[in-house]
Amino acid sequence: MSQALDGVRILDFTHVQSGPTCTQLLAWFGADVIKVERAGAGDITREQLRDIPDVDSLYFTMLNHNKRSVTIDTKNPEGKQVLEALIQKCDVLVENFAPGALDRMGFTWERIQELNPRMIVASVKGFGPGPYEDCKVYENVAQCAGGAASTTGFDDGPPVVTGAQIGDSGTGLHLALGIVTALFQRTQTGRGQRVLAAMQDGVLNLCRVKLRDQQRLERNGQMKEYPQYPNGTFGEAVPRAGNASGGGQPGWILKCKGWETDPNAYIYFITQAPVWAKICSVIGKEEWATHPDYATPAARLPHLKDIFAEIERWTMTKTKFEAMQILNKYDIPCGPILSMKEIAEEPSLRKTGTIVEVDHPTRGKYLTVGNPIKLSDSPTEVKRSPLLGEHTDEVMAELGYSPEQISALRTAGAI
Ligand code: COA
């Protein structure tokens, strides 16, 4: 079966996590992704957090599936010529170098347009134009600058970063959407364009509800669904909300049977208004269904702590899976806190291709997260990540270089 991005060629100048997340997605949708790396070194993540000596790390393999790898020294004059040939042949150049690195290499937007006016140049940067535009940025810097850290954690503790890589992988996702949108516009204009996804902007986009709350706080001085209400104090900025749901239906994380020894024996429980009577019945507090202090969502707000304490008395008598089964019978929204071990072993995720086992020539078998976006007419087959420079000769031949020229370029250190 054909794939959605068949025929699209991506010159992949990305490294670490944010850019590679983006180009991996494009590869999964069928684009030919040619990853350019420095000979002898490659993407720094090949050697970071290694679990097996001298073997590409899981950090690298899990972010670079379905790509081809070529080595080019883009600071070498002959290497630059190879890169120019690739720019002329590709549709999109994706990069997440430090600000200005592409220009310093000699590949300004103007130069790229001269070489290929249809080229889309897509970049991840830490910040957009402004005071921090020249800064190098990693995941947690973006989480802090994008509003996630100040709103994550408990109200009596310090800011906390989340394990979800919303700065890196989140921005990679934003960039991928920008690229396919620019490709679509190119079908009408015939022109390339620049696409920028700044990590601060990407994180803030994902923290949109917190900017909503900032404005509600400024208007009313308090937010009744936050755990600080009614007895705590609200300051000038949106406080950390612990495990409060962030939406209109109050929720919290509650202990389940075994919590004393299992750090993940917890469940997320949502007191959705339409099923309040069922919740009361399940936990044995039938009288709360009609009691004036508990019967309506507004009446319940000042009592949320007590309500969750009471529900927890019930959840602590069940494992998280037992509770999940019982609650779902009554359409009570809840979610077990799944450990990575449980997720890795979950058969349904294997079945849908969300967790995939991949075989690698030097690493052997490993698990990865497959394409989370499923297209019915463009199925994804996850293929292992390339070894460093594995496809240099193949790609050079496609560019028209003879075996002799390839070997001369190699001797000159250009590839
Ligand atoms: N041949 C020759 N030189 C190459 C090359 C190649 N194939 N590939 C990269 N380089 C050079 C670059 O030109 C750059 O040189 P310069 O500093 O002389 O201009 C150099 O390698 C290093 O690139 P840089 O991006 O500065 O790497 P770094 O390891 O110092 O910084 C980041 C890493 C992630 C902090 C930085 O790239 C960054 O801020 N990126 C944007 C934000 C981002 O994506 N962050 C999240 C990463 S997950």
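Colleague: What share of the residues in the chain is buried?
Modeller: Buried residues make up 45% of the 415 residues. Keep in mind that this is a predicted model.

Colleague: How many helices and strands are there in the chain?
Modeller: The chain has 17 helices and eleven strands. Its C-alpha atoms fill a box of roughly 85 × 45 × 40 Å, taken along the principal axes.

Colleague: On to the ligand. How many residues surround the ligand, and which are the closest?
Modeller: The ligand is surrounded by 23 residues. The closest are Lys75, Ala98, Arg104, Lys136 and Val137.

Colleague: How does that shell split by class?
Modeller: The shell has ten nonpolar residues, six polar ones and seven charged ones.

Colleague: Which atoms of His15 and the ligand are 3.0 Å apart?
Modeller: On the His15 side, an N or O atom of the side chain; on the ligand side, an oxygen atom. Arg38 also has a polar side-chain atom 3.0 Å from a ligand oxygen. With Phe97, the backbone takes part: one of its polar backbone atoms is 3.4 Å from a ligand nitrogen.

Colleague: How much of the ligand's accessible area does the protein cover?
Modeller: The protein covers 85% of it. On its own, the ligand has 930 Å² of accessible area.

Colleague: New topic. Where is Gln17?
Modeller: Gln17 is in the loop between β1 (9-13) and α1 (18-28).

Colleague: Is Gln17 buried or exposed?
Modeller: Gln17 has a relative accessible area of 7%, so it counts as buried. Its side chain also makes a polar contact of 2.7 Å with the side chain of Ser169.

Colleague: Let's do charges. How many salt bridges does the structure hold?
Modeller: It holds 22 salt bridges. The general idea is simple: side chains of opposite charge can pair when their charged atoms come close.

Colleague: Show me one. What does Arg313 form a salt bridge with?
Modeller: With Glu310, and the closest N and O atoms are 3.0 Å apart. Both residues lie in helix α12 (residues 304-315). They are three residues apart, about one turn of the helix.

Colleague: Why does Arg313 count as exposed?
Modeller: Because its relative accessibility is 53%, and the cut-off for exposed is over 50%. Glu310 is buried, because its relative accessible area is 17% and buried means under 20%.

Colleague: What about Glu345? Which residue does it pair with in a salt bridge?
Modeller: Lys341, with the closest N and O atoms 2.8 Å apart. Lys341 is exposed at 57% relative accessibility. Glu345 is partly exposed at 49%.

Colleague: And how far apart are the closest N and O atoms of Arg384 and Glu390?
Modeller: They are 2.7 Å apart, in another salt bridge. Arg384 is partly exposed at 26%, and Glu390 is partly exposed at 34%.

Colleague: Which residues do salt bridges with shared partners join into one network?
Modeller: Asp32, Arg68, Glu394 and Glu398.

Colleague: Last stop, the surface. Which residues form a nonpolar patch there?
Modeller: Leu173, Ile373 and Leu375. Together they have about 230 Å² of accessible area.

Colleague: Where does Ile373 sit?
Modeller: Ile373 is in the loop between β11 (364-369) and α16 (392-398). It is partly exposed, with a relative accessible area of 36%.

Terms used. Residues are numbered from 1 along each chain as its sequence is written. This is a predicted model: local features need pLDDT of at least 70, side-chain atom pairs count only at pLDDT 80 or more; totals for chains, interfaces and linings use all residues. Side-chain values use heavy atoms; hydrogens and water are left out. Patches are made of residues with over 30% relative accessible area and no salt bridge: like charges are joined within 9 Å, nonpolar side chains (Val, Leu, Ile, Met, Phe, Trp, Tyr) within 5 Å. Accessible areas come from the Shrake-Rupley method with a 1.4 Å probe; for residues, only the protein chains shown count as cover. A salt bridge is a side-chain nitrogen of Lys or Arg within 4 Å of a carboxyl oxygen of Asp or Glu. Helices (H or I, at least four residues) and strands (E, at least two) are DSSP runs, numbered from the N terminus. Buried means under 20% relative accessible area, exposed over 50%, partly exposed in between (1.4 Å probe, protein chains only). A residue is near a molecule or strand if one of its heavy atoms lies within 4 Å of it. A polar contact is a pair of N or O atoms within 3.5 Å; within protein, one must be able to donate a hydrogen and the other to accept it, and residues adjacent in sequence count only if both atoms are side-chain atoms. Ala, Val, Leu, Ile, Met, Phe, Trp, Tyr, Cys and Pro count as nonpolar, Asp, Glu, Lys and Arg as charged, and the others, Gly among them, as polar.
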